[in-house]
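Please look at the sequence and the structure shown below, and keep both in view while reading the report that follows.

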Amino acid sequence: MIEGKWFAQGSDIAKPLAIRQTVLGRGRDAVDDVAQQVVVYHENTPAGTARLWWSDGVFILGDVCVLPQYRHRGYGDLLVRLLLYKALTHNAQSVALFSPKDCVAFFARYGFTAGEEGDVVRMQLNAKDICLSCRHAKA
């Protein structure tokens, strides 16, 4: 069984932090105090995590990561859709993220468009363009 579990601000976020540390090599930071975290479980075992927070008038989607043994099973897709749904239910006008260059095509599938580039690429998606049941461009 596959399921998602949300961790609100102030919750024990040990599970999302463990996944983030394993995949991204980063632990707790200041954003964790204001972010909502989500974990996707594969048969009661944490498989991936991501987080969503509000900053400067926009929802920020971040740290989408899936443990290596669970990749290519659609868990990253599920995490992004859960974050977009949560943003919509909180009346988001837009959602932004900062993506490594090699992940830009993945996020473009949801309609995110690239903006500023540097070590990471800032991507944006207007809420009116969010479609949780469709894919925009093939990655």
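Arg51 counts as buried because its relative accessibility is 3%, where buried means under 20% relative accessible area, exposed means over 50% and partly exposed lies in between, with a 1.4 Å probe and protein chains only. The model is a predicted one, in which local features need pLDDT of at least 70 and side-chain atom pairs count only at pLDDT 80 or more, while totals for chains, interfaces and linings use all residues. Residues are numbered from 1 along each chain as its sequence is written, and side-chain values use heavy atoms, with hydrogens and water left out.

The side chain of Arg51 meets that of Asp63 in a salt bridge, that is, a side-chain nitrogen of Lys or Arg within 4 Å of a carboxyl oxygen of Asp or Glu. This pair links distant parts of the chain, since Arg51 lies in strand β3 (residues 45–55) and Asp63, twelve residues apart from it, in strand β4 (residues 58–66); strands here are DSSP runs of E with at least two residues, and helices are runs of H or I with at least four, numbered from the N terminus. Asp63 also counts as buried, at 16% relative accessibility.

The structure holds eight salt bridges, including those in the table.

| Salt bridge | Closest N and O atoms |
|---|---|
| Arg28 and Asp33 | 2.9 Å |
| Lys128 and Asp129 | 3.4 Å |

Lys128 is exposed, with a relative accessible area of 70%, whereas Asp129 is partly exposed at 35%. Arg51 and Asp63 also belong to a network of salt bridges that links them with Arg20, Arg26, Asp29 and Asp32.
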